[in-house]
Amino acid sequence: MQYKRITLFAGHYGSGKTNIALNYAFNMKRDGKSVVIADLDIVNPYFRTKDSERELSEAGIKLISSSFANSNVDLPALPQEIYSVVDDKTDYAVMDIGGDDRGAYALGRYADSIVRENNYEMFMVINMYRPLTRDVESTLEVMNEIETACSMKFTAIVNNSNIGEETTAQDVLASMSYANKVAEASGLPLRLTTVDKKLYNELHEKVENLMPLTLQDKIWR
Amino acid sequence: MSEKVLMKGNEAIAEAAILAGCNHYFGYPITPQTEVAAYMAKRMPKIGGTFLQAESEVSAINMVIGVASTGKRVMTSSSSPGVSLKAEGISYLAGCDLPAVVVNVQRGGPGLGGIQPSQSDYFQSVKGGGHGDYHNIVLAPASVQEMASLTFKAFDLADKYSMVSMILADGTMGQMMEPVSLDAGEVNTYEKPWALTGTNCERKHNIVNSLYLKPEALEQKNFERYEKYKQIEENEVMYEEYLMDDAEICVVSFGITARVAKNAINEARAKGIKVGMIRPITLWPFPKKVLCDAADKCKAFISVEMSMGQMIEDIELAIRCKKPVYLCNRVGGMIPSPEEVLAKIDEVNKNGGAF
């Protein structure tokens with residue numbers, strides 16, 4: 001896989017950005033890159049990149065996250081180290097952006113530098129099983145709101161259509177037409193379709209550019 | 001719409017409210033329930049409803065009183081410190097016998113506490129919370145699906161009995177994402193002859209009020225209200241039984257901790273320990289009878305909760321202290337792990353049954 005120096009994941013609230021960003025960072029590391037992952041989520045107080053702190057550190061991936069993440073401090077602050085991701089061009093960077101336009105505002109302050117370097121991929125993560133992005137039109141609306149908020153343009157689409165643990169191969173296949181239409185209407189390539197790794201074997205011959213995801217275990221399963 | 005979508009618990013509450021015919025929402029942001037307000041802000045303008053971010057929780061609950069007086073379905077939501085602020089208004093709703101739905105997505109306390117999940121507003125919810133003799137119907141969802149279905153149910157119960165129904169969730173339930181079917185069925189409509197809808201000069205005007213100048217009249221009103229509560233205790237109790245047929249140990253837990261406890265029970269069963277669970281779905285009315293019956297068969301109870309031991313008192317009352325009740329808890333935003341619950345089951349299995 002050809003990686004850009006900076007890869008950004010943005011999209012609708014709850015579309016799966018954090019999980020995909022984490023898996024993407026691990027893949028990059030496995031491909032021999034020096035990787036840093038930055039958590040720019042100022043919206044979501046729970047289920048953060050920081051939940052995977054130990055796994056990231058074991059894999060040798062640097063995590064830049066608010067020191068307040070997963071604490072009781074409810075403060076939408078970003079650490080100053082995030083500037084290092086943009087300014088220090090030696091590492092490959094994965095940036096996890098908060099949901100919707102509200103989350104994307106935080107990206108705005110880095111946008112100029114990222115666009116000037118001109119070596120980035122910005123993914124729009126989509127899930128047609130989320131109630132507010134059920135169709136092409138509402139998905140494009142969210143996409144447009146995000147681009148306006150962060151003053152950057154998306155470069156590709158990631159189809160992460162799923163309904164959680166109950167997702168079947170059929171659900172993924174049923175989302176492909178939606179994903180292709182979003183790609184067509186936005187003029188961007190559908191770069192990846194992401195699925196829980198347990199569905200990978202069933203789907204990899206049927207879906208192009210399929211990426212398996214390792215998801216976190218939950219104690220309340 | 002019967003096919004499933006992927007939703008956050010907080011979003012499921014908001015969408016279910018809209019499906020239940022709630023076109024009026026007043027709130028104030030607080031973690032971890034802010035998505036209820038954010039979702040309402042997006043959806044209400046599209047269906048011609050009202051979303052209003054009030055200047056405080058106190059003003060939000062008073063706006064709820066206003067809409068409830070007109071007989072329209074109305075909801076507000078908050079998290080623990082915000083619900084404390086609403087307590088006065090909830091007492092006024094009770095005093096005026098007005099239907100409304102109040103959502104509490106609990107976080108750690110007391111005081112400003114923290115933003116991580118908790119169940120320590122149990123007493124506040126089931127014993128009243130505000131001043132005066134009253135109850136709220138309190139529903140405790142344990143999945144995103146129940147966040148939706150119990151919200152739908154909360155509106156029905158509120159109208160049926162003309163009182164406040166509360167959804168008592170926690171930060172995890174609000175934030176987790178699960179598949180949910182929003183096919184909730186028909187919305188029942190109830191006559192509301194007391195509603196302030198304008199007389200058109202065709203009837204005597206209605207008055208919604210909680211002030212009684214004569215103590216005899218206020219006493220009578222309280223008696224009548226408690227007759228209604230008695231009916232609710234007889235007719236509206238909801239609970240889930242899990243592996244209780246041959247259980248010698250009965251775990252009692254609600255919401256997210258019931259999910260964790262279920263995993264621990266499965267592991268204990270695999271080790272041959274006869275343990276089951278009664279999960280209260282209505283915390284008020286509390287499932288007293290099924291627990292009291294279980295006390296004749298089980299040797300001990302374990303209350304698994306994210307508080308310093310609040311529901312445990314209701315269990316002891318329900319079973320009339322016939323058997324020992326042990327506490328398995330974490331607080332302050334911490335969630336008990338399945339291993340911790342299993343260790344407690346092991347311990348009670350070895351030593352339990354004796355006071």
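**Domains of chain B**

I looked up the separation of the two domains of chain B in this predicted model: the C-alpha centres of domain 1 and domain 2 lie 28 Å apart. The assignment places domain 1 at 4-235 and domain 2 at 239-351; such bounds come from an automatic or database domain assignment.

I noted that residues are numbered from 1 along each chain as its sequence is written, and that chains are lettered from A and ligands numbered from 1 in the order in which they are written. Local features need pLDDT of at least 70, side-chain atom pairs count only at pLDDT 80 or more, and totals for chains, interfaces and linings use all residues, while side-chain values use heavy atoms, with hydrogens and water left out.

I then examined the interface of these domains. In chain B, 31 residues of domain 1 are in contact with 25 residues of domain 2 (contact: heavy atoms within 4.5 Å). The two domains bury about 2,400 Å² between them, 58% of it on carbon and sulfur atoms; this is the accessible area (1.4 Å probe) that two parts lose on being put together, summed over both. The rule finds four salt bridges across this interface (a side-chain nitrogen of Lys or Arg within 4 Å of a carboxyl oxygen of Asp or Glu).

I also recorded a salt bridge between the side chains of B:R259 and B:E178, at 2.4 Å from N to O.

**Helix α2 of chain B**

I listed the buried residues of helix α2 (residues 34-43) of chain B: B:E35, B:V36, B:A37, B:Y39, B:M40 and B:R43. Buried means under 20% relative accessible area, exposed over 50%, and partly exposed in between (1.4 Å probe, protein chains only). Helices (H or I, at least four residues) and strands (E, at least two) are DSSP runs, numbered from the N terminus. The cover of these buried residues includes β1 (4-8), α1 (9-19) and α7 (171-175) of chain B.

**Backbone geometry**

I checked the peptide bonds and phi values, given that most residues other than glycine have a negative phi, and most peptide bonds are trans. A cis bond joins B:T31 and B:P32, with omega about 5°; B:P32 lies in the loop between β2 and α2 of chain B. Another cis bond joins B:W284 and B:P285, with omega about 0°.

I found a positive phi, near 60°, at B:C201. B:C201 is exposed, because its relative accessible area is 76%. For A:S151, phi is near 50°, and A:S151 counts as exposed at 56% relative accessibility.
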